[in-house]
Amino acid sequence: MSRSYTGLVFILPAIIVLAMLIAYPVIYTGYLSVTDPQGALTTKNFVNVIRAPASLQAFLNLIYFVGGSIVFQVVLGTAAAILLNQSFYGRGIVRSITLIPWVVPGIVAATTWAWMFHTEFGIINYMLTGAGAIPAPIGWLTNKDTVMPVMIAINVWKLFPFVAVMVLAGLQSVPQELYEAARMDGANFWNEVRDIMLPQVRPVIVSVTLLLVIWGLNSITLIYAITRGGPANKTLITPILIFRLAFESFQFNQAAALSVLFFIVAAIIVAIYLRVSRSPEGA
Amino acid sequence: MMRRSLLGELTISISALVLILVCLFPFAWMALSSIKTLPELYTIPPHWLPDAPTLGNYATVLFNSNIPRYFLNSVIISVGSTALALLLAVFASYGFARFNFRGKRLFQSFVLVGQLLPTAAIIVPLFITLRYLGLVNTYWGLILVYTIITLPLSVWMLQSYFRAIPYELEEAAIMDGTSRVGVLFRIVLPLSLPGIVAVVVYAFVTTWNEFIFALCFATDSTVKTLPIGLAEFSTEFNTDWGGVMAASLVMTLPVALLFLSMQRLFVGGLTAGATKG
């Protein structure tokens with residue numbers, strides 16, 4: 001009896017803080033979403049938010065951004081992990097360097113890449129035109145066809161190191177005997193990658209991808225700092241739209257309604273992901 | 001390891017070089033740009049190395065901007081929220097790792113759900129809550145907000161460390177009459193130092209880098225943090241890319257140093273939390 005009481009006492013401070021600053025705000029969002037600024041019940045917020053063309057566009061942009069990012073983050077991160085798992089001279093330092101993009105502040109990554117992608121003075125246009133890859137400088141951040149791919153590229157650069165660390169940890173725990181047995185059978189490097197490494201780290205990749213999905217749906221810093229959603233709403237994603245509704249147009253109730261919808265959709269995406277990744281057919 | 005062919009060696013070396021280049025090039029360019037003069041930054045085609053290296057951009061950042069003040073704000077807020085998150089996480093993790101009580105699973109999932117909530121979805125109500133508590137534009141406001149961001153993963157990571165400590169050690173001390181809290185501080189914490197370090201690095205780096213909550217909840221220059229300062233710097237001096245690059249470097253150094261010095265412990269803690277769950 002006394003033990004059950006002690007355990008609760010230990011967790012209580014954390015629970016109280018979380019309840020105050022997470023549970024209460026979440027419940028309050030629900031309340032805001034179904035009331036007008038005077039506090040009367042209404043469904044107007046949801047109707048307005050669903051009717052606004054920007055809402056759908058922001059959501060589609062978000063899916064494009066998150067989906068595009070994750071594919072490359074996982075592929076490049078896993079490739080980097082396999083490389084960092086080989087023994088070579090200077091491996092320790094290369095492992096440390098690989099982590100740097102992930103550690104630096106998102107806003108720093110945003111400003112530095114924005115400067116590198118600068119149309120006239122940017123080093124990227126200089127290198128590409130110099131190498132003859134493009135005939136004339138491209139306005140990467142102002143052209144509506146290139147801006148989202150550029151955002152995805154920067155996001156991939158920022159987060160593939162995280163995938164690499166996690167997958168590397170998984171690779172390090174692969175029993176050496178598996179490789180030895182495979183070599184007895186005459187397996188080459190690619191056989192090892194396909195038949196040993198990838199199947200062994202699959203659980204790690206699954207859980208890392210889940211984190212990437214959640215972070216991706218949450219991402220706002222990179223795009224907000226570089227384009228604020230422009231040009232022509234081409235990089236407007238749902239989190240930025242919520243932020244704009246609340247803090248630029250001060251439509252707290254509509255922002256709350258959009259938050260509720262967004263939360264439901266995000267929860268469904270996460271649930272579907274969990275279901276697919278857990279079922280054996282999903283392999 | 002099997003002996004590799006020459007081709008294999010070559011592939012590995014080249015891939016490693018490409019990896020280093022991809023990860024470091026933006027920082028090299030940041031550093032080079034930060035010591036160029038304004039006219040040189042706006043030269044077409046761009047120069048790789050500065051003709052006349054200058055520290056003028058750093059002087060602007062250090063003496064003619066709000067960056068030093070924001071730096072101080074960032075330190076206060078990051079240290080404060082890291083300390084608070086660590087304190088709460090230590091107790092909560094110990095409670096979860098060592099006790100059985102009614103509703104434990106419910107509380108555990110409640111803590112984790114905090115990690116899953118979309119940030120954007122709680123900004124508005126959190127803002128209203130803070131305004132109600134009178135905490136908008138205060139250090140405490142951001143410290144509390146950052147605590148709830150880092151708390152869930154901190155609890156998750158620490159739990160796996162606490163579970164790994166043999167319970168017999170604690171039982172012996174309890175037999176000797178040490179209190180539960182005494183056991184926690186004298187036996188469990190010293191043994192889980194790597195986990196503590198991992199949580200501290202994670203919480204500090206996360207709060208140091210955080211942008212969007214700071215943007216919403218700290219609109220006064222007495223509490224604004226560095227990420228906001230950097231964003232401001234690039235609009236305030238729209239054309240001063242040298243200053244922006246210098247400020248970026250100033251902001252990156254503390255986290256990069258902290259992280260690289262603690263990297264081994266941190267990565268261990270992170271991956272332990274993830275693989276043992």
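**Exercise 1.** Find how many residues of chain B are in contact with chain A, and which helix gives the most.

Solution. Start with the rule: two residues are in contact if their C-beta atoms, placed from the backbone, lie within 7 Å. By that rule, 79 residues of chain B touch 72 residues of chain A. Next, look for the top helix on chain B's side: that's α13 (residues 241–276) of chain B, with 15 residues. (Helices are DSSP runs of H or I, at least four residues, numbered from the N terminus.) Last, sort chain B's side by class: 61 nonpolar, 16 polar and two charged residues. Here Ala, Val, Leu, Ile, Met, Phe, Trp, Tyr, Cys and Pro count as nonpolar, Asp, Glu, Lys and Arg as charged, and the others, Gly among them, as polar.

Before you go on, remember that this is a predicted model, where local features need pLDDT of at least 70 and side-chain atom pairs count only at pLDDT 80 or more, while totals for chains, interfaces and linings use all residues. Residues are numbered from 1 along each chain as its sequence is written, with chains lettered from A and ligands numbered from 1 in the order in which they are written.

**Exercise 2.** Work out how α8(A) and α9(A) pack.

Solution. First, locate them: helix α8 is residues 176–184 of chain A, and helix α9 is residues 189–218 of chain A. Their axes are 11 Å apart, at an angle of about 135°. (Axes are lines fitted to C-alpha atoms, for helices over the stretch in contact, and angles run from 0 to 180 degrees between N-to-C directions.) So α8(A) is oblique to α9(A), since angles under 35 degrees count as roughly parallel, over 145 as roughly antiparallel, 65 to 115 as roughly perpendicular and the rest as oblique. Now find who meets whom: L178(A), Y179(A) and A182(A) from α8(A) face N191(A), E192(A), D195(A) and I196(A) from α9(A). Sorted by class, this contact has four nonpolar, one polar and two charged residues.

**Exercise 3.** Describe how the two domains of chain B touch.

Solution. Get the bounds, which come from an automatic or database domain assignment: domain 1 is 6–56 and domain 2 is 57–276 of chain B. Their C-alpha centres lie 32 Å apart. Nine residues of domain 1 of chain B are in contact with ten of domain 2 of chain B. On the domain 1 side, α1 (6–34) and α2 (38–41) of chain B each supply at least two residues, and α1(B) has the largest share, four residues.
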